[in-house]
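Please examine how the two ligands are held in the structure shown below.

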Amino acid sequence: MSDRKNPTGAPDTGHTWDGNLRELTNQPPRWWMITLYLSGIFMLVYFVLYPSIPTFTGYTKGVLGWTQMKRYEDSTAEIAAIRAPYEEKIKSLPASEIAADKELVNYTQRSVKVLFGDRCAGCHGAGGAGNPGYPVLADDDWLFGGGIDTIQQTITSGRQGMMPGFKAMLSEQELNDLTLHVLAMSKGGEHAPGKELFVNKGCVGCHGMDGKGMQMIGAPNLADAVWRFTPANEESVKYTIAHGVNAPGAAETRNAVMPAFGNQLSETEIKKLAVYVHQLGGGQ
Ligand code: HEC
Ligand code: HEC
């Protein structure tokens with residue numbers, strides 16, 4: 001019985017438990033010992049080459065001079081070197097010429113996305129998809145115009161369309177008729193009594209005879225299915241006509257202010273944003 005407990009006949013340590021349970025002194029396998037020694041050597045070499053052991057005032061620096069910061073700086077310098085020729089070109093060209101150069105447009109789209117996300121998407125939505133109260137930029141419908149220079153102007157100086165509130169000038173019936181006419185126009189139709197008021201009350205002065213708007217002052221096209229203020233229902237349209245948009249001194253008016261970025265962003269950044277937004281809408 002006791003022989004089978006030590007078939008190799010290995011020497012033991014002389015410790016015995018539970019009557020006959022002996023502790024042997026077998027050597028660990030050779031591969032295991034080699035790995036152990038190698039890892040010790042690796043550790044020593046690593047300590048010499050790289051920053052590793054903490055000291056009271058810092059850490060051992062290692063003879064290679066490697067730091068995480070240096071590695072980060074090296075890779076940013078590499079990126080900057082790749083970007084430099086593009087950035088130089090964008091700086092020197094007008095936005096319209098950047099927009100005509102496929103390679104520059106490609107570069108711009110990729111490099112300005114983060115800036116758009118930081119500074120514009122809060123209001124205009126990711127990718128310019130719009131938010132309630134803020135215009136969609138990723139479509140072909142423009143308040144102020146989708147030409148590249150106009151977009152650059154919009155971003156530089158900001159925009160603020162103005163429509164007075166008509167509440168005091170309209171009876172309840174007239175307000176209803178105008179609302180029905182505006183809603184009908186957006187579907188290609190008309191509402192006769194409202195159409196007359198549209199002319200008589202001066203809506204045509206800004207929105208035009210055909211209701212198609214006037215980009216110079218940011219008066220939107222009312223004869224299409226795109227709405228600046230949603231939901232596109234009677235109540236909402238009536239509210240706009242009654243209280244106007246950015247009407248001075250009117251507490252209930254709709255607010256619609258595009259801030260100016262000319263003093264916050266560089267001209268190059270604004271040009272890039274203009275090219276990006278122009279690509280989103282791709283229109284005039
Ligand atoms: C605080 C919210 C806000 C921010 C931030 C903002 N916008 Fe605007 N933007 C508006 C509003 C509101 C309008 C519409 C103004 C109006 O209706 O008169 C507008 C209009 C525009 C227009 C004109 C659209 C048209 O149909 O003519 C462009 C282009 C535009 N914004 C681009 C940008 C870009 C690019 C940025 C980022 C640099 C940006 N906006 C940041 C609120 C914002
Ligand atoms: C002084 C110029 C001006 C006059 C006059 C004017 N509007 Fe406007 N209207 C605007 C502008 C500018 C906007 C867009 C404001 C903005 O988004 O910044 C607007 C917006 C609207 C909208 C919102 C459209 C949408 O897509 O949500 C409606 C509806 C509208 N006007 C109807 C009328 C009617 C009806 C009249 C006549 C009773 C009228 N407007 C008179 C300038 C005018």
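In this predicted model, a backbone N or O atom of Arg-228 lies 2.7 Å from an oxygen atom of ligand 2, a polar contact being a pair of N or O atoms within 3.5 Å. A polar backbone atom of Phe-229 is 2.9 Å from an oxygen atom of ligand 2. The side chain of His-207 places an N or O atom 2.8 Å from a nitrogen atom of ligand 2.

Residues are numbered from 1 along each chain as its sequence is written, while chains are lettered from A and ligands numbered from 1 in the order in which they are written. Because the model is predicted, local features need pLDDT of at least 70 and side-chain atom pairs count only at pLDDT 80 or more, whereas totals for chains, interfaces and linings use all residues; side-chain values use heavy atoms, with hydrogens and water left out.

Met-163 belongs to the loop between α6 (148-157) and α7 and His-207 to helix α9, so the pair ties together parts that are 44 residues apart in sequence. Met-163 and His-207 are both buried, that is, under 20% relative accessible area with a 1.4 Å probe and protein chains only.

The shell around ligand 2 holds 23 residues, each with a heavy atom within 4 Å. Helix α9 (203-207) is one of the elements that supply at least two residues, and its 3 residues form the largest share. Helices here are DSSP runs (H or I) of at least four residues, numbered from the N terminus. By class, the shell has 17 nonpolar, 5 polar and 1 charged residues.

A side-chain N or O atom of His-124 is 2.8 Å from a nitrogen atom of ligand 1. Polar backbone atoms reach oxygen atoms of ligand 1 from Leu-143 at 2.7 Å and from Phe-144 at 2.8 Å.

Definitions and conventions:
A polar contact is a pair of N or O atoms within 3.5 Å; within protein, one must be able to donate a hydrogen and the other to accept it, and residues adjacent in sequence count only if both atoms are side-chain atoms. Ala, Val, Leu, Ile, Met, Phe, Trp, Tyr, Cys and Pro count as nonpolar, Asp, Glu, Lys and Arg as charged, and the others, Gly among them, as polar. Buried means under 20% relative accessible area, exposed over 50%, partly exposed in between (1.4 Å probe, protein chains only).
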